[in-house]
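Dear colleague,

Please find below the structure that I am handing over to you. My notes on it follow directly after.

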Amino acid sequence: MTTKSVLERATANTELDGVSADIGLLIIRVVFGALLAAHGAQKLFGWFWGYGWDATTAGFDVMGYNPGKFFGTLAGLSELAGGLLLAIGLLTPLAGAIVLGTMINAINATWAPGLFGQNGWETPLLFGVIGAGFAFTGAGRFSLDHGRPWQRQGFVIGAAAVALGVIAAVITLIFKWVL
């Protein structure tokens, strides 16, 4: 066996090469979506060693998101719904917008310690960027969106989803600062 034959076989296209990007999207989507949904479940139900709804809403009051019951519930539902929608690949651009808008507010809430400080905004930034990325790429072949009439992806859809997420975040921040 020569070096050339090994390299030729290693770089040869197979039938699976056509779905490798979709498999990558599936892995990232399911793991990320499940983790984000778990964060929402922590806030709303106290699952996965979370604080639960009462402590979450009290924390939102302390952070200046008044009324805390409204904003804490909104954050928990956004994380839960956005995460689940991404995990199953349903309405992916909308899910990306939900995640991005929620994470912009999380960045605002964790701004003081800085990007890498204790409880800083590194994780919300990472989550928001992933949400925005899925708004552009779509969920891939292995999703509930694939092949459906509502399946959307691409630049225009991604840009619209990002704009929606940013607008929703700004509206939420305005209410935070006004109320």
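Proline 149 counts as exposed because its relative accessibility is 67%; here exposed means over 50% relative accessible area, buried under 20% and partly exposed in between, with a 1.4 Å probe and protein chains only. This proline lies in the loop between α6 and α7 (155-178). Proline 149 and glycine 50 are 99 residues apart in sequence, and their C-alpha atoms are 38 Å apart in space.

This is a predicted model, in which local features need pLDDT of at least 70 and side-chain atom pairs count only at pLDDT 80 or more, while totals for chains, interfaces and linings use all residues. Residues are numbered from 1 along each chain as its sequence is written, and side-chain values use heavy atoms, with hydrogens and water left out.

Overall picture

The protein has seven helices and zero strands; helices (H or I, at least four residues) and strands (E, at least two) are DSSP runs, numbered from the N terminus. Along the sequence, the pattern is α-α-α-α-α-α-α. The C-alpha atoms fill a box of roughly 70 × 40 × 30 Å, taken along the principal axes. Of the 179 residues, 37% are buried. Among contacts (heavy atoms within 4.5 Å) with a separation of 6 or more, 64% are between residues 24 or more positions apart.

Helix packing

Two packed helices are described by the angle between their axes and the distance between the axes. The axes are lines fitted to C-alpha atoms, for helices over the stretch in contact, and the angles run from 0 to 180 degrees between N-to-C directions.

Helix α2 (residues 20-45) and helix α6 (residues 122-137) have axes that come within 12 Å and cross at roughly 135°. The two helices are therefore oblique to each other; angles under 35 degrees count as roughly parallel, over 145 as roughly antiparallel, 65 to 115 as roughly perpendicular and the rest as oblique. Their crossing is left-handed, a term used if the near helix is turned anticlockwise from the far one by less than a right angle, with right-handed used if clockwise. On the α2 side, Leu25, Ile28, Arg29, Phe32, Leu36 and His39 take part, and they meet Phe127, Ile130, Phe134 and Thr137 in α6. The residues of this contact comprise seven nonpolar, two polar and one charged; Ala, Val, Leu, Ile, Met, Phe, Trp, Tyr, Cys and Pro count as nonpolar, Asp, Glu, Lys and Arg as charged, and the others, Gly among them, as polar.

Leucine 25 is in helix α2. Leaving aside neighbours within four places in sequence, leucine 25 is in contact with Phe134, Thr137, Gly138, Ala139 and Gly140. Its C-alpha atom is 9.7 Å from that of glycine 89, which is 64 residues away along the chain.

The axes of α6 and α7 come within 7 Å and cross at roughly 145°, and this crossing is right-handed. Here Ala132, Ala135 and Phe136 in α6 meet Phe155, Ile157, Gly158, Ala159, Ala161 and Val162 in α7. By class, the contact has eight nonpolar, one polar and no charged residues.

Helix α2 also packs with helix α3 (residues 52-62), at an angle of about 95° and with the axes 5 Å apart. These two helices are therefore roughly perpendicular to each other. Gln42, Lys43, Leu44 and Phe45 in α2 meet Gly52, Trp53 and Thr56 in α3. That contact divides into three nonpolar, three polar and one charged.

Nonpolar cores

A nonpolar core is a set of buried Ala, Val, Leu, Ile, Met, Phe, Trp, Tyr and Cys residues joined through side-chain atoms within 4.5 Å. The largest has nine residues: Phe32, Leu36, Leu85, Leu86, Ala95, Val99, Met103, Phe127 and Phe134. Two or more residues come from each of α2, α4 (68-88), α5 (92-109) and α6, and α5 gives the most, with three. Apart from this core lies another, of five residues, among them Phe60, Phe71, Ala75 and Leu173.

Backbone details in the loops

A cis peptide bond, with omega about 5°, joins asparagine 66 and proline 67; proline 67 is in the loop between α3 and α4. Phenylalanine 48, in the loop between α2 and α3, has a positive phi near 55° although it is a residue other than glycine. Leucine 91, in the loop between α4 and α5, has a positive phi near 50°.

Yours sincerely
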